Amino acid sequence: MPAATVDAYIKAVPEAARPMLKELRALVQKAAPKAEEYISYGMPYYRYHGALLGFAAFKQHVGFFPGAIVTDFADELKGYKTSRGTVQLPYGKKIPVSLIRRIIKAGVKRNEDVAKAKKKTKQKKVRKS
């Protein structure tokens, strides 16, 4: 059965993953304090003006899923395996804290910008009515 909370998820994964997951969780809580924490697709996920990011434990790495914003940091992520929207953080390798923090903050800004744009569009439609 999938975990119902992030605490339960972290407790259920192999010991090797727990410190990294706890560190990622703390980074998210600090960089995006208004983000809502929940479980989605069986893994920890965060929402702030829409989907923000998720992370999960795998056999050899922790997957960090901040979305398409990964491409904006491609040069800085050269030492990591990436794909569209995903960064693999191998066990035994330190999490690049400052980089992950910047990725989270960029995701927060992206979501805020999208929310503001939607609000402006909605206000224009109301004025025209």
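Which side chain meets that of glutamate 37 in a salt bridge? Here are my notes.

1. First, the ground rules. This is a predicted model, where local features need pLDDT of at least 70, side-chain atom pairs count only at pLDDT 80 or more, and totals for chains, interfaces and linings use all residues. Residues are numbered from 1 along each chain as its sequence is written, and side-chain values use heavy atoms, with hydrogens and water left out.

2. Back to the opening question: the partner is arginine 25, at 2.9 Å from N to O. A salt bridge here is a side-chain nitrogen of Lys or Arg within 4 Å of a carboxyl oxygen of Asp or Glu. Glutamate 37 lies in strand E1 and arginine 25 in helix H2, so this pair ties together parts 12 residues apart in sequence. (Helices, H or I with at least four residues, and strands, E with at least two, are DSSP runs numbered from the N terminus.)

3. Arginine 25 has another salt bridge, with aspartate 7, at 2.5 Å from N to O. That pair links helix H1 to helix H2, 18 residues apart. Put together, Asp7, Arg25 and Glu37 form a salt-bridge network.

4. Is arginine 25 buried or exposed? Arginine 25 is buried, with a relative accessible area of 14%, while glutamate 37 is partly exposed at 30%. The cut-offs: buried is under 20% relative accessible area, exposed is over 50%, and partly exposed is in between (1.4 Å probe, protein chains only). Lysine 30, also to be found in H2 (residues 18-31), counts as exposed at 72%.

5. Now the sheet. It is open, with 6 strands in the order E1-E2-E3-E4-E6-E5 and antiparallel pairing; two strands pair if DSSP finds at least two bridges between them. E1 (36-40) and E5 (81-83) are the edge strands, each pairing on one side only. E1 and E2 (residues 43-47) pair over 5 bridges, and glutamate 37 has tyrosine 46 in E2 as its bridge partner.

6. Glutamate 36 lies in E1 and arginine 47 in E2, so parts 11 residues apart in sequence are tied together.

7. Finally, leucine 24. Not counting residues up to four places away in sequence, leucine 24 touches Phe55, Val62, Phe64, Leu89, Ile95 and Ile100, where contact means heavy atoms within 4.5 Å.
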